[in-house]
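Reader: I'm new to this one. Can you walk me through a few parts of it?

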Amino acid sequence: MGNAVMSFGLSRRPVLEFDDAEIPPLTRRMEALYHLNLKLCEGDCALVATGRAGEDLPLADAALGLAMPRAGQVRFLGDDWSRLGPREQLDRRGRIGSVFERSAWINNLNVLDNVLLSRRHHTGLADEQLLRDARCWAERFGLNALPAERPSSVPPEQLRLAEWVRAFSLEPVLLLLEHPMRGVPRERFASLLSAVNEARSRGAAVLWLVADAQDACPPNGPGVSRFAIIDQTLVRIRDEG
Amino acid sequence: MFATIREVLARRDRLAGAAILLAAQMGREALDRLAGAAYIVAIAASAAVLALHRATWKRTVCTVFMRQVLFTAVDAVGVSLRIGGAVGVLLFVEAANWLDELGTTAEAVAPWMMAFTVRELAPLIANLIVIGRSGVAIATELANMKLHGELDVLDAQGIDVMTYLVVPRVVSAALCVMSLGVVLVAAIFVSGYAVGYLTNAMPLHPGELLESVVAAAGTEDLVCFLAKTIVTGWFVGAICCREGLRVRAMATEVPSVASRSGVRSLTAVFMVNAALSLIIHGQELIVSIL
């Protein structure tokens, strides 16, 4: 586990780049982020320790192109989010698999429909295929079945696992994992790590937000870099491998 | 003497100041209302442009559209039949009271009554049903979605809120007003005829009556019916979506969003109806006035 990442040659294309970006807060409770510098190429994984303020940082929003930088640039697949048109932005967001810190569900759809929504919207794959893939990922993460109930009547642990299913079944080029282990028993970590490494070996970049960089033994090895949010900026801690 | 002049001048300045404040307030109100109307027209126009693009109709959008049609039209057939039936009886009884005074017969009035029903009454009632059953529900649903951050969830997954939430609701509102309009015309016709037949006031066979109604109806009636159902329904959908998405941050805003969407939709239905009447029938009126 953890060794199946793609080979790290020079030809890997950049997936997500923060170039001296200053991200304004999206809400009053959020904090701004300054002078963000980060480059994630295919197969890379950045672990960002957010500390207690994790919920109030616009880092994932900036990566998704939902929060535009006041200064500097945030680029996804080489293109500055702020220079892309609305339709291009939407198409690109369809290639990002996310586990959200905040509310992640459409309440008038059941969990299964929620999980399938993005792929049904962005791909032309048959519903049977999408369902098969989702069930496959659900089994892998220890969910017997994807709940057919509305999110409000599903336990938080199952909801979080269903979020994993949604994020990974997209076959994303970028995985944004905001505290994915929150509310999930530690024994599920191995299956998450294996899925992350598999996605990296396919060429996906991973931005993994944790409360503490030492939490639950996140991935190690080549391509993994560690950061912490200190004084509202991203500080590189150490590299492994 | 000087003090008096000073007092008069001060009073004049105060009055002028109050008048300016009043004018400024009225101007602000007028500008706000104009901006609101322009925003609604913009949503309606954007929905029309997007609805004409094939790429908009992804299967997820089609699913939302089908659900809306089911709720707005199919589930509302029963209430439309009941209201249409009652209106048919009401119309016939009211007309029968005037027949002697006007020196005419039911079969002579029937085509005129049907034309009035097709052109004005059925579209108006269909709009009222859609506003009451679905328009307010649309506004409340969208307001709750916004308050719970669900629009951000859609955005983060690359799903356009306008395409996924607004377009299917606006299109379904327009089509459902038209469909319910047809149901209402049929219900009014059948119940009106049934009362006339039972009271021996309508000697014509249903087929003969239908023939005379069809013969009296012109293209203008059809154009009027389509315009007054589709255009007004389109605006009802746009207004309810706009009101729902306008909510800011408080759950307490939702009830006022619901009532505001109902009132504004009603106002729009009457205003758009009046405008369409002027456009469709107004030429003769304007010529006669001039």
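Author: Here are some notes on a few helices and strands. This is a predicted model, where local features need pLDDT of at least 70, side-chain atom pairs count only at pLDDT 80 or more, and totals for chains, interfaces and linings use all residues. Residues are numbered from 1 along each chain as its sequence is written, chains are lettered from A and ligands numbered from 1 in the order in which they are written, and side-chain values use heavy atoms, with hydrogens and water left out.

Reader: Start with strand 3 of chain A. How many of its residues are buried?

Author: Five of its five residues are buried. Buried means under 20% relative accessible area, with exposed over 50% and partly exposed in between (1.4 Å probe, protein chains only). Strands (E, at least two residues) and helices (H or I, at least four) are DSSP runs, numbered from the N terminus.

Reader: Which residues sit on each side of that strand?

Author: A:Cys45, A:Leu47 and A:Ala49 are on one side, with A:Ala46 and A:Val48 on the other.

Reader: In what sense does strand 3 of chain A pair with strand 8 of chain A?

Author: Parallel, over five bridges. Pairing takes at least two bridges found by DSSP. There, A:Cys45 stands opposite A:Val206. Strand 3 of chain A also pairs with strand 9 of chain A, parallel and over five bridges. In that pair, A:Ala46 faces A:Ser225.

Reader: Switching to helix 6 of chain A. What does its buried side pack against?

Author: Its buried residues, among them A:Phe189, A:Leu192 and A:Val196, pack against strands 3, 7, 8 and 9 and helices 4 and 5 of chain A. Contact means heavy atoms within 4.5 Å.

Reader: Why should helix 6 of chain A span 20 Å?

Author: Because it has 14 residues at 1.5 Å a residue. The expected span is 1.5 Å times one less than the number of residues. Its end C-alpha atoms are 20 Å apart, which agrees.

Reader: And what comes just after helix 6 of chain A?

Author: A:Gly203, with a positive phi of about 115 degrees.

Reader: Now chain B. Where is B:Ser265?

Author: B:Ser265 is in helix 9 of chain B. Its relative accessible area is 0%, so B:Ser265 is buried.

Reader: Which residues is B:Ser265 in contact with?

Author: Leaving aside neighbours within four places in sequence, B:Ile131, B:Val236, B:Ile239 and B:Cys240.
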